[in-house]
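Please look over the notes on this two-chain model. They cover the interface first, then the nonpolar cores.

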Amino acid sequence: MLGANLPVAAGIGFTFKMEKSDNVVIAYFGEGASNVGDFHEALNFAGVQQLPIVFICENNQYAYSVPLEKTMAIDDVAIRAEGYGFEGVAINGNDVLAVYQAMQGALARARSGDGPTLIECKTYRWHGHSEHDKAFYRTDEELAMWKSRDPIPTFTTYLRARHVLDDAKLKEIEDQAAQTIDDAVEFASNAPDPAAADAVADLYA
Amino acid sequence: MSKELSYLEAIREALAEEMRRDPKVFVLGEDVGAYGGAFGVTQGLHEEFGDLRVVDTPISESAIIGISVGASQRGYRPVAEMQFADFISCGFDQIVNQAATLRFRYGGRATVPIVVRAPSGGNVGGGLYHSQNPEAWFIHRPGLKVVAPSTPYDAKGLLKAAIRDDNPVVYFEHKYLYRRAKGPVPEGDDEIVPIGAAAVRREGSDATLVAYGAMMLPSLEAADRLAKEGVEVEVIDLRTLLPFDKPAIFQSLDKTSRLLIVQEDVKTLGIASEISAVIMEEKFDALDAPVMRVTYPDTHPPFSHILEAANLPNADTIAAALRRLVEY
């Protein structure tokens, strides 16, 4: 269920605390999940226990069909962190370097024993909630505006301007990504169908 | 002569011994720390094991279970306390959708060795939110195991078995028995009571009575009364509700041909319904009478002692049902 991963993440973070480990839990969820009770219970516990966790909210503006302003009376999910006693930051989630920098700060805090951080990455989903959803609840203008903020070409332009990336390297990365996807599709397509008996397997250790 | 403990002390001893034996075992819940738990079950544990293994949590039942699931994925064996079984509904999703399904979701490549302790049951004047018996919700969920001990021996032995089990186990401990039930307990680190095995508490050939938890007391009393009337009732303590011990019940039915099931849970779709259906499917030919049930009525626990006494099965109502059963 939405948000149910967050208490689980807190449990893993608690074991890192018990072990005085340098490990950090990264827990992802959407802004819609931040309205579920488990979000509150998990972030509250993580704050009380100062757990090494980075909570990453991918705020894509819609919980299925319902826009943000109809599901919460605040602009930034990040301010919810204040209620749990730790830092929350709202950033442009389509800016690769902004995400990187926010993450560096959060990881440093987690590893120095200063507890969790909530990073709200403001972003957008181009498609509907799932492929059946034509997303009639939003305007073409809004979609076009967010497409213009696509992080991949934006960051590509940035890297080219600094001569970090050239055409050959870009093509190599794109080919590699396409190959990874092709391999996964081929793997899934070639996988054997399940046997009927599998339906009742794997229930008990 | 082995020592005698109360049911509550037996639970505490199981926790302490398992925590000493295995550093991966820890307990968490509301007020379980220095305070020692609402009923005193965890008294002394915080002093011995400290903040990180006896964890006071916020009032967050869902997080308590979820944290347990998370810790279990790193090899820990958390024992989560629900302060009252009634509050387990607040952690329901984490039990039925996370803990119960995790192994299935990972195609058998994960285990979820958590225990959820749930102090359940009435006859303690607790009223609606401190008296419930929600075991049926969990016997309806594949992936879980559910136990409900009735004696200090089983309380200790089943808790140890539950902690060592690689599956999520919901452990219903009956509040009425905490200080009233006293008796010997398994000694030594490795003495456990296996999950899935019932116990015959009294042998008899005229009728079989299946019960568990605090219902064992009036059930045995009723069987004693029937004995004075010349009727020998075989009394089986289920001990484990999921999976329940079908062979033990079948074996008894071969002898008695009559079955009464007693549960403190409400009537509709409880463990008694399931046992009854299994008997109909697989053991119909052994029956000389319809399977009968004595249960709580389909209602909520009241505060009034008068109303609660009217609702709870007791030796009178159980004995009356046994007479109907053998006279059928």
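The points below take the conventions, the interface and the cores in turn.

1. This is a predicted model: local features need pLDDT of at least 70, side-chain atom pairs count only at pLDDT 80 or more, and totals for chains, interfaces and linings use all residues. Residues are numbered from 1 along each chain as its sequence is written, chains are lettered from A and ligands numbered from 1 in the order in which they are written, and side-chain values use heavy atoms, with hydrogens and water left out.

2. Chain B places 35 residues in contact with 24 residues of chain A (contact: heavy atoms within 4.5 Å). About 2,500 Å² is buried between them, 63% of it from carbon and sulfur atoms (buried area: accessible area, 1.4 Å probe, that two parts lose on being put together, summed over both). On the chain B side, B:Leu52, B:Ile67 and B:Arg74 lose the most area, together 23% of what that side buries.

3. B:Arg74 also forms a salt bridge with A:Glu19, with the closest N and O atoms 2.9 Å apart (side-chain nitrogen of Lys or Arg within 4 Å of a carboxyl oxygen of Asp or Glu). The rule finds one salt bridge across this interface.

4. The largest nonpolar core has 79 residues (buried Ala, Val, Leu, Ile, Met, Phe, Trp, Tyr and Cys joined through side-chain atoms within 4.5 Å; buried is under 20% relative accessible area, 1.4 Å probe, protein chains only). A:Phe55, A:Leu118 and B:Ile275 have the most contacts inside this core.

5. A second, separate core has 37 residues, including B:Leu5 and B:Val41.

Terms used. Buried < 20%, exposed > 50% of the residue type's maximum accessible area, 1.4 Å probe, protein only.
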